[in-house]
Each structure stands twice: as structure tokens, then as C-alpha cells.
Amino acid sequence: MSLLDLDTAAREDLTAKVREEYEALKARNLNLDLTRGKPSTEQLDLSNDLLELPGKDTYVDATGADVRNYGNLQGIKDIRDIWGELIGVPAENLYAGDASSLNIMFDLISWSYAFGNNDSQRPWSAEETVKWICPVPGYDRHFAITEQFGFEMITVPMLEDGPDADAVAELVKDPAVKGMWVVPMFANPTGATVTEEVARKLASMETAAPDFRIVWDNAYAVHTFTEDFPPIIDVLSAAAEAGNPNRFWVMSSTSKITHAGSGVAFFAASKEDLDWYASVAGIRGIGPNKINQLAHAKFFGSAEGVRAHMQKHAQILRPKFEAVLDILERRLGEYNVARWTTPTGGYFISLDVVDGTATRVWELAREAGITLTKAGSAFPKGEDPNDRNIRLAPSLPPIDEVRTAMDGVATCVLLAALEKLEA
């Protein structure tokens with residue numbers, strides 16, 4: 001059934017019922033938040049043993065170096081060995097840094113802008129214009145970085161198998177196109193995972209700009225809801241085989257694995273790219289927080305230890321995502337007013353409502369005490385040309401609040417669709 005299939009009397013009856021439901025929703029004076037993909041307190045508690053590590057008398061890494069001192073810009077071998085296995089890169093091609101990989105991404109863009117990277121003819125700031133490819137729906141914090149530097153952001157569709165590789169291949173014929181964002185596994189917000197075929201197309205395509213880079217942000221590489229971990233695509237090797245060894249800047253972190261504010265960030269790339277990175281990073285600072293890196297290495301023990309830890313996260317997250325999907329199907333499925341993704345990992349669900357109503361849904365929810373990520377946030381500058389997309393983030397609230405919030409959101413989606421039909 002679709003709302004369009006209802007006759008006038010049936011639609012008027014439904015509108016009256018939904019308006020009554022919405023007024024009752026507002027009367028509850030809710031204060032619920034589904035805005036950001038933060039780990040819940042229960043998830044953060046999984047890593048509390050970190051607070052006692054590496055221990056008062058444990059301060060030597062696998063090479064015998066004292067982690068309390070300056071030095072070792074690349075980060076300690078203990079954690080790089082673990083993470084290299086997890087994301088499918090040799091430890092020697094991996095740097096371990098502080099906190100969040102967003103910090104490293106910002107640095108890479110900033111330094112390319114100020115100085116040019118190792119393949120640049122000039123600093124990006126000296127270019128007449130810099131263009132950047134943004135798969136949509138996508139990650140708002142990625143877009144905020146390139147917006148900060150005034151880049152012209154060009155959108156391509158994020159499909160079920162990854163970014164539209166054919167569209168990308170056409171865009172990179174322009175020498176002003178210097179890079180693109182990609183979240184390759186359980187993408188933010190759709191949950192899509194890039195296939196090996198698409199990854200190899202991106203690795204092998206010809207680009208007019210010699211300093212073109214793909215930021216391959218593997219933020220959710222081990223964030224599965226199932227017992228299976230999808231295979232990691234070795235994009236560094238694929239790019240090298242295609243004659244483009246410097247194509248990818250690969251990112252990862254422990255931000256949503258241990259304690260988000262005090263994690264370890266990772267950057268993998270070709271040796272040439274890493275040498276360029278180190279030439280600037282070594283001036284910015286003398287070395288990362290190696291004590292924290294050793295604590296993480298002790299906490300996990302191995303790559304398999306990380307996977308076991310992530311199964312505990314999955315047990316907490318899966319019921320919340322199942323609750324969202326169940327309510328969307330039960331409340332909206334019969335009316336054909338929305339589509340949504342059904343991710344098997346990650347932190348988000350992408351909800352598409354009737355064109356031209358996403359902002360209205362967000363407003364209605366806000367008035368009812370339910371805070372959603374603002375409509376359009378998954379697009380550069382927050383501008384969704386169809387005003388249809390809303391990113392749902394059910395990880396932080398308790399499951400009862402998730403159910404209450406999503407039932408309210410469903411009411412708002414229906415009311416906004418009916419209002420548009422009335423108009």
C-alpha cells in the first residue's frame with residue numbers, strides 16, 4: 001500500500017489519527033537524542049581495564065625501548081603489529097598516532113594545502129581551485145574538513161558496492177580534482193561496504209592530478225553486528241600493482257573500540273607517502289603517546305583479541321539496530337513513505353523519507369523532544385538537494401529510549417508525508 005493509493009476519506013482518517021498521535025507524543029515532554037554515533041556507557045565500560053594499563057612497572061615495548069620518553073614518531077611495534085593484521089597492511093607501512101584518525105586526516109589535508117604532498121607540483125593553496133569528490137550520503141566530519149579549506153566538493157552516489165566508480169573515473173580527468181573521501185566498510189551512514197571490484201577500479205583509474213589521493217577511512221573495519229568480519233581489501237597492494245603506489249591514505253583508530261577520547265589513531269600508506277608525512281610530523285611533534293599505545297597492546301594482546309572485544313560491542317549494538325529496523329518496518333512499511341538501509345555493522349542507519357520532507361521530519365521531531373541529526377548532514381555543507389535523507393544513530397541511548405524515539409520518528413515521517421500530500 002502507498003499513501004497515494006488511499007482514497008480521500010481514508011487519507012483524511014489517517015491524517016487525523018497521525019495528528020492525534022503526534023499531539024500525544026508532544027505531551028510526553030520527551031528529551032531523547034539520536035544525533036551522534038557515540039558508544040554507550042555500557043560499551044565504554046568494556047574497556048575500563050585500560051585505566052590500569054600498562055601498569056606502574058610496565059613501560060618497555062617489544063623492542064626494549066622505554067615508552068615514557070620522547071621519540072619513535074611511527075609508534076610502537078606492539079600496537080602496529082596488531083593493527084596491521086587487522087586492516088591488512090604490513091606494520092612497516094603503518095604509523096600509530098594519538099586520539100582520533102580525524103586528527104591525521106586534517107593534518108594530511110592541511111599539509112598538502114600548505115606545502116603540497118610528495119607528488120604535488122605546488123602547494124594546493126597555490127592552485128586556482130581544488131576539487132574534492134564526496135560520496136553521498138557520507139560522513140559529515142569528512143566534508144567539514146574539505147569545507148574548512150574552501151575546496152569545491154563534488155558529490156557522487158554512494159551505492160551498495162561503494163562509490164560510483166564510473167562517475168569518479170570521469171571526474172578525475174580534471175587536474176583540479178585532488179582527492180576523495182571513502183569509508184570502505186559499514187560506511188557512514190548507509191552501512192555499505194566497498195567491493196573488491198570497485199576498490200580495484202579506484203586503485204587503477206588514471207587521474208589528471210599526479211598528487212590525487214583517496215582517503216580510505218576504515219573507521220568501522222571490525223564493527224560487525226554478526227559473528228563474521230568482512231575480508232579486508234589490501235588497497236595499498238592493489239594500487240602498487242596498478243602503478244599508483246601513492247593512491248591511498250588508509251585510516252583507522254580505536255575511537256569506537258575502547259575509550260573514544262583517548263584512543264590510538266593509525267595511518268597506513270606507501271613508504272614515499274609515509275616519508276613525506278614524517279618530514280612534517282617530525283617538526284610538529286617529537287612522538288606520540290606511547291604509554292597509551294602500550295596499554296592498548298596489552299589490553300588486546302592480539303588481533304584476535306580485538307575481534308573478541310568487538311563481539312562484545314556487537315551484543316550491545318545489535319538489539320538497538322534491530323529495534324530501529326523493526327519499528328520502521330512496522331510503522332512505515334505499509335505506507336511506502338520511506339526507505340532505509342539494513343546494515344550488518346557500523347554505527348548508523350540511513351533513512352530516506354518523501355522528497356522535500358526530511359527537514360520537516362527533523363522539525364517535527366525536535367518539537368516533540370526528539371533530537372535527530374539535522375536533515376542533510378550527510379551531504380557537503382548540509383545541503384541535500386532532494387531534502388530526503390536523515391542519519392539515525394541509535395548507539396548511545398538505552399534500548400528503551402531508542403524504541404520510544406524511533407516510534408516518535410515514525411509518527412513524524414508519516415505526518416510530514418501527509419502534510420505534503422495535503423499541500
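A crossing of two helices is left-handed if the near helix is turned anticlockwise from the far one by less than a right angle, and right-handed if clockwise. In this predicted model, local features need pLDDT of at least 70 and side-chain atom pairs count only at pLDDT 80 or more, while totals for chains, interfaces and linings use all residues. Residues are numbered from 1 along each chain as its sequence is written, and side-chain values use heavy atoms, with hydrogens and water left out.

Now for the helices themselves (DSSP runs of H or I, at least four residues; strands are runs of E, at least two; both numbered from the N terminus). Helix 3 packs on helix 10 (residues 290-300) at an angle of about 50°, and their axes are 8 Å apart (axes are lines fitted to C-alpha atoms, for helices over the stretch in contact, and angles run from 0 to 180 degrees between N-to-C directions). That angle makes helix 3 oblique to helix 10 (under 35 degrees is roughly parallel, over 145 roughly antiparallel, 65 to 115 roughly perpendicular, and the rest oblique). The crossing of helix 3 and helix 10 is left-handed. On the helix 3 side, Asp 78, Ile 79, Ile 82 and Trp 83 do the touching; they meet Gln 293, Leu 294, His 296, Ala 297 and Phe 300 of helix 10 (contact is heavy atoms within 4.5 Å).

## Helix 4 and its two partners

Helix 4 (residues 101-115) packs against helix 9 (residues 271-284) at about 100°, with 11 Å between the axes. Helix 4 and helix 9 are therefore roughly perpendicular to each other. From helix 4, the residues involved are Ile 104, Asp 107, Leu 108, Trp 111, Ser 112 and Phe 115, and they meet Trp 276, Tyr 277, Val 280, Ala 281 and Arg 284 in helix 9.

Helix 4 also packs with helix 5 (residues 140-148): their axes come within 10 Å and cross at roughly 25°. Helix 4 and helix 5 are therefore roughly parallel to each other, and the crossing is right-handed. Leu 102, Met 105, Phe 106 and Ile 109 make the contact from helix 4, with Arg 141, His 142, Ile 145 and Gln 148 on the helix 5 side.

## Aromatic rings

Count the aromatic pairs and you get 18 (Phe, Tyr and Trp rings, the six-membered one for Trp, pair if their centres lie within 6.5 Å; planes under 30 degrees apart are stacked, over 60 edge-to-face, the rest tilted). Take Trp 83 and Phe 266: their ring centres are 4.8 Å apart and their planes are at 5°, so the pair is stacked. This pair ties together distant parts of the chain, since Trp 83 sits in helix 3 (residues 77-87) and Phe 266 in strand 9 (residues 264-268), 183 residues apart. Both Trp 83 and Phe 266 are buried (under 20% relative accessible area; exposed is over 50%, partly exposed in between, with a 1.4 Å probe and protein chains only).

There's a ring cluster, too: ring pairs link Phe 106, Tyr 113, Trp 124, Trp 132, Phe 149, Phe 151 and Trp 181. Charges over rings also turn up (NZ of Lys or CZ of Arg within 6 Å of the ring centre and within 35 degrees of the ring normal). Arg 68 lies over the face of Tyr 59, 3.7 Å from the ring centre. The charged end of Lys 374 sits 5.3 Å from the centre of the Trp 362 ring, over that ring.

## Loops worth a look

Two cis peptide bonds go on the list. One joins Val 136 and Pro 137, with omega about -5°, and Pro 137 belongs to the loop between strand 3 (131-136) and helix 5. Another joins Asn 188 and Pro 189, with omega about 5°; Pro 189 is in the loop between strand 6 (177-182) and helix 7 (196-204). Phe 186 is also found in the loop between strand 6 and helix 7. Although not a glycine, Phe 186 has a positive phi of about 50°, and at 3% relative accessibility it counts as buried. Lys 381, also not a glycine, has a positive phi of about 60°. Lys 381 is in the loop between strand 12 (370-372) and strand 13 (389-392), and it is exposed, at 54% relative accessible area.

Finally, Val 354 is in the loop between strand 11 (349-353) and helix 12 (358-367). At 26% relative accessibility, Val 354 counts as partly exposed. Leaving aside neighbours within four places in sequence, Val 354 touches Val 337, Asp 387, Ala 417 and Lys 420. Val 354 and Lys 420 are 66 residues apart in sequence, yet 8.8 Å apart in space, C-alpha to C-alpha.
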